[in-house]
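Work through the exercises below with the sequence and the structure open. Each task is followed by a solution in steps.

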Amino acid sequence: MSTKGINTLALHAGQQPDPTTGSRTVPIYQTASYVFKSTEHAANLFALEEFGNIYTRLMNPTTDVFEQRVAALEGGTGALGVASGQAAISYALLAITRLGDEIVAANNLYGGTYQLFHHTFPKLGRTVKFVDSRDPEAFRKAITPKTRAVYVETIGNPKLDVPDFEAISKIAHENDIPLVVDNTVGVGFGIKGGLEPGKKFIESVKLLSHLANIGDSKSLVIHPASTTHQQLAPEEQRETGVTEDYIRLSIGLEDVEDIKADIDQALKQAVV
Ligand SMILES: Cc1ncc(COP(=O)(O)O)c(C=O)c1O
């Protein structure tokens, strides 16, 4: 792992000033393919005897900086950049499982991931067993000889509970199974009165934006029970931590006083 601090790594890891132009910012290489220097160079690249760019689906210098930076920040040996969270989860789990294999997953997952595991993975011949995220022993009990991965989120979205990583990783590793962790982060709280005040709160915010994602530079808000988690049955909603009073906030980089003022005025209108 690098000895540099996390802020330095976030700014510099994986990047050299562009060798052709000297550009300090990472250039966006909008190319699909790369000119080979010679027939020998091309042959070496395809034979994996020399490292270099062949085709953007395989590697791209802009994406490469991102991947090296994430690996450095996470203390990892490598990283792969893909276009969405669900793609990352699919790539990671499809790579380590085969037809007929099983995955043991926490039951407090992000709605999109829950749907992916519940509906799509079985069609691909992968069975996902959901267990109580708060009970490490439940993970142990669900592991069978077919289990190839144990899966949790660092901070459950939207329940915001943190699993006992040490206990769960010990159980996974005792069984020679990797622990796969989704490290997306969120922030949230319940509103007095449930559904209707929840909706009114969302309609009343002015600075916060009402939308589906988290982790933006701008502050965001959503009511999971009627949006991201609406397709789940009431019992499934409860398991994932989604209650009717639940409002999910993702706080951005605005001045904290402005954020607080917006939340205060919206709460005053919503909770009477
Ligand atoms: C825990 C978690 N994982 C993944 C994602 C993102 O997945 P995707 O980029 O496919 O929308 C989210 C989005 O809110 C999330 O909360």
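**Exercise 1: a helix pair**

Helix 8 crosses helix 10 in a right-handed manner (left-handed would mean that the near helix is turned anticlockwise from the far one by less than a right angle, right-handed that it is turned clockwise). Residues are numbered from 1 along each chain as its sequence is written. The model is predicted, so local features need pLDDT of at least 70 and side-chain atom pairs count only at pLDDT 80 or more, while totals for chains, interfaces and linings use all residues. Helices (H or I, at least four residues) and strands (E, at least two) are DSSP runs, numbered from the N terminus.

Task: describe the packing of helix 8 and helix 10, and state which residues make the contact.

Solution. 

Step 1. Two packed helices are described by the angle between their axes and the distance between the axes. Here the angle between helix 8 and helix 10 is about 140°, and their axes are 8 Å apart. Axes are lines fitted to C-alpha atoms, for helices over the stretch in contact, and angles run from 0 to 180 degrees between N-to-C directions.

Step 2. The two helices are therefore oblique to each other. Angles under 35 degrees count as roughly parallel, over 145 as roughly antiparallel, 65 to 115 as roughly perpendicular and the rest as oblique.

Step 3. Helix 8 contributes Pro197, Lys200, Phe201 and Ser204 to the contact, and helix 10 contributes Ala266, Leu267, Gln269 and Ala270. Two residues are in contact if their C-beta atoms, placed from the backbone, lie within 7 Å.

**Exercise 2: the two sides of helix 10**

Task: find the length of helix 10 and say which of its residues are buried.

Solution. 

Step 1. Helix 10 runs over residues 256–270, 15 residues in total, and reaches 21 Å from its first C-alpha to its last, close to the 21 Å expected at 1.5 Å a residue. The expected span is 1.5 Å times one less than the number of residues.

Step 2. Ile263, Ala266 and Ala270 are the buried residues of helix 10. A residue is buried if 20 or more other C-beta atoms lie within 10 Å of its own, exposed if 12 or fewer, and partly exposed in between, with C-beta atoms placed from the backbone.

Step 3. The arc is that of the directions from the helix axis to the C-beta atoms.

Step 4. The buried residues of helix 10 pack against helix 8 (195–204). On the face turned away from the buried side are the exposed residues Glu257, Asp258, Lys260, Asp264 and Lys268.

**Exercise 3: helix 7 and what follows**

Task: identify the buried residues of helix 7, their packing partners, and the residue with positive phi just after the helix.

Solution. 

Step 1. Ile168, Ile171 and Ala172 are buried in helix 7. Down the helix axis, the buried residues fall within an arc of 100°, so they line one face of helix 7.

Step 2. Their packing partners are helix 6 (136–142), strand 3 (147–153) and strand 4. The face turned away from the buried side of helix 7 carries the exposed residues Glu166, His173 and Glu174.

Step 3. Just after helix 7, Asp176 takes a positive phi of about 60°. Asp176 lies in the loop between helix 7 (165–174) and strand 4 (179–182). With 8 other C-beta atoms within 10 Å, Asp176 is exposed.

**Exercise 4: two threonines**

Task: is Thr97 buried or exposed, and which residues does Thr97 contact?

Solution. 

Step 1. Thr97 sits in the loop between helix 4 (85–96) and strand 1 (102–106). Thr97 counts as buried because 21 C-beta neighbours lie inside 10 Å.

Step 2. Apart from neighbours within four places in sequence, Thr97 is in contact with Ile103, Arg126, Arg148 and Ala149.

Solution. 

Step 1. With 15 C-beta neighbours inside 10 Å, Thr62 counts as partly exposed.

Step 2. Thr62 and Pro27 are 35 residues apart in sequence and 6.6 Å apart in space, C-alpha to C-alpha.
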